Amino acid sequence: MLSRVRDTELRAEARSQVVTIPDILTTLTASIWAEAGLQASERARNTTSIRRDLQRLYLTRLLQMVVTPEPGIPEDARTIARATLASLSRALGRSLAPANELDGYTQAHFADSRQRIDQALNAQVVQPLGPTPPTR
């Protein structure tokens, strides 16, 4: 699907007429991680168990796109996912400030999520440069 989204940009007459991969990931991240206070001016707030589960699922998908991308995932999507994770890590770092007074669940979840992101961003990932030759 992300390949189709990316290719749609080529067919549109005006860029404002299409939804891009950055648009999708920015919107999803802002909605799913709203409690983290993604904007520097926003305060982080406690999150429920259902929201933490949703955040973990989304985080796992982004991490997979960066560390072990499935065949067919456009390189543009992988790089946008990487930038999204870097931004989310910074927001989670800000959210863990004592002034936010988060409960134990939220603090542990944000700290664990940030650690998972940082590990993934520092992982040594070898990406093939071209299409993989067919196996016989």
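Reader: Among contacts between residues at least 6 apart in sequence, how many join residues at least 24 apart?

Author: In this chain, 61% of them do. Contact here means heavy atoms within 4.5 Å. Keep in mind that this is a predicted model, where local features need pLDDT of at least 70 and side-chain atom pairs count only at pLDDT 80 or more, while totals for chains, interfaces and linings use all residues. Residues are numbered from 1 along each chain as its sequence is written, and side-chain values use heavy atoms, with hydrogens and water left out.

Reader: What makes up the chain, in helices and strands?

Author: There are 5 helices and 0 strands, so the order from the N terminus reads α-α-α-α-α. Helices are DSSP runs of H or I with at least four residues, strands are E runs of at least two, and both are numbered from the N terminus.

Reader: Why is α3 called oblique to α4?

Author: Helix α3 (residues 49-67) and helix α4 (residues 75-95) pack at about 130 degrees, with axes 8 Å apart. That makes the pair oblique: under 35 degrees would be roughly parallel, over 145 roughly antiparallel, 65 to 115 roughly perpendicular, and the rest is oblique. The axes are lines fitted to C-alpha atoms, for helices over the stretch in contact, and angles run from 0 to 180 degrees between N-to-C directions.

Reader: Which hand does the crossing of α3 and α4 have, and what does the term rest on?

Author: The crossing of α3 and α4 is left-handed. The word applies when the near helix is turned anticlockwise from the far one by less than a right angle; clockwise gives right-handed.

Reader: What residues meet where α3 touches α4?

Author: From α3 come L59, L62, L63, M65 and V66, and they meet A77, R78, A81, R82, T84, L85 and L88 of α4. By class, that contact has 9 nonpolar, 1 polar and 2 charged residues. Nonpolar covers Ala, Val, Leu, Ile, Met, Phe, Trp, Tyr, Cys and Pro; charged covers Asp, Glu, Lys and Arg; the others, Gly among them, are polar.

Reader: What makes Q55 buried or exposed?

Author: Q55, found in helix α3, has 0% relative accessibility, so Q55 counts as buried. Buried means under 20% relative accessible area, exposed over 50%, and partly exposed in between (1.4 Å probe, protein chains only). Leaving aside neighbours within four places in sequence, Q55 is in contact with I32, W33, E35, T47, H109 and F110.

Reader: Why do N100 and E101 get the labels they do?

Author: N100 sits in the loop between α4 and α5 (104-122), and its relative accessible area of 12% makes N100 buried. Not counting residues up to four places away in sequence, N100 touches R43, A44, R94 and S95. N100 and R45 are 55 residues apart along the chain, with C-alpha atoms separated by 6.9 Å. E101 is in that loop between α4 and α5 too, but at 65% relative accessibility E101 counts as exposed. E101 also has a positive phi of about 50 degrees although it is not a glycine.

Reader: What share of the 136 residues in the chain is buried?

Author: Buried residues make up 32%.
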